[in-house]
Amino acid sequence: MPDVLISEVGPRDGLQSVPRTMPTRDKLAWIDALHASGLREIEVCSFVPAKLLPQMADAAEVVAHALTLPGLIVMALVPNLRGAQAAIAAGVHKITIPASASEAHSLANVRKTREAMVEEVRQIVKYRNDVAPHVKIECGMSTAFGCTIQGEVKEDDVIWIANEMAEAGVDESGLSDTTGMANPAQVRRLFTRLHSEIGDRMGAAHMHNTRGLGLANCLAAYDAGVRTFDSSLAGLGGCPYAPGASGNVVTEDLVFMFEAMGVRTGVDLDVLIAARAPLMAGLPGEPLYGMLPEAGLPKGWRS
Ligand code: ZN
């Protein structure tokens, strides 16, 4: 059993922030390669209207393929009940719902107040309980560490919405540094507080590397007891607010950090790096980030 779960979000978070659409057969080959490296949770798509995100129009087909991969937790992002119904119909094991800790971001992103989002999540949980009780529901609190619209987000606001979500019946609640504003002291403080509020229902750390603190923030979250980490192969999904900077934490670098520390991820780094090839094949010319793939594994490295 690995010590931490690396939850690969590239096929969803990465691909939906790239304007081009990766052809379906390339997506499937990429997901196969990610799975072959030992990754055991992949956010493979989001269930949103195809006219809003044409990159995700093949979501049901991608899920159907991912379900054939042994031992893989197949996860999809859904913004509302309708998306949850489609994801559950497609057969996902787990759905993740983003909920903004910042009121301004919530209104801009989903045109809902935070209270209305909590109500939407209640309906999703009820639907899940009725038709597919085995499906897990995760809530990712976006803008938990700062918001590009309103700036500072009060820690009490983050804890408030986390408690609301726990009460609504979600299985896990994690914190997302959507805007790349977090620092390690803040991450340690907020996850420690989250853990004291909701205990083992604390979910993933979703960190961005926009300002270079992605790995430091993951380590701070680990120290605070987090054991699930979202990241994206090659940091796919450049941040529009910081040209030249990657958005998501780079999976290769994150796995290297943990493995080098003796924290087992279950991921083979050579095979993981090889998973860049199908990504490049599907999105030729897309910038790939990551320090480890540039430098290579150190001499004498053994996974
Ligand atoms: Zn992200």
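A salt bridge is taken here as a side-chain nitrogen of Lys or Arg lying within 4 Å of a carboxyl oxygen of Asp or Glu. In this predicted model, contacts of this kind link Glu-41, Lys-94, Glu-138 and Glu-172 in a network, and the structure holds 19 salt bridges in total.

Among the individual pairs, Asp-58 forms a salt bridge with Lys-27, with a distance of 2.7 Å between the closest N and O atoms. This pair links distant parts of the chain, since Lys-27 belongs to helix α2 (residues 24–36) whereas Asp-58 is found in the loop between β2 (41–46) and α3 (59–66), the two residues being 31 residues apart. Both partners, Asp-58 and Lys-27, are buried.

A further salt bridge is formed between Arg-188 and Asp-223, whose closest N and O atoms are 3.5 Å apart. Because Arg-188 lies in helix α8 (residues 184–198) and Asp-223 in helix α9 (residues 214–223), the pair ties together parts that are 35 residues apart in sequence. Arg-188 is partly exposed, its relative accessible area being 37%.

The side chains of Arg-276 and Glu-252 likewise meet in a salt bridge, with an N to O distance of 2.7 Å. Here Glu-252 is contributed by helix α10 (residues 251–261) and Arg-276 by helix α12 (residues 276–282), so that parts 24 residues apart in sequence are tied together by the pair. Arg-276 and Glu-252 are both buried.

Technical notes. Residues are numbered from 1 along each chain as its sequence is written. This is a predicted model: local features need pLDDT of at least 70, side-chain atom pairs count only at pLDDT 80 or more; totals for chains, interfaces and linings use all residues. Side-chain values use heavy atoms; hydrogens and water are left out. Helices (H or I, at least four residues) and strands (E, at least two) are DSSP runs, numbered from the N terminus. Buried means under 20% relative accessible area, exposed over 50%, partly exposed in between (1.4 Å probe, protein chains only).
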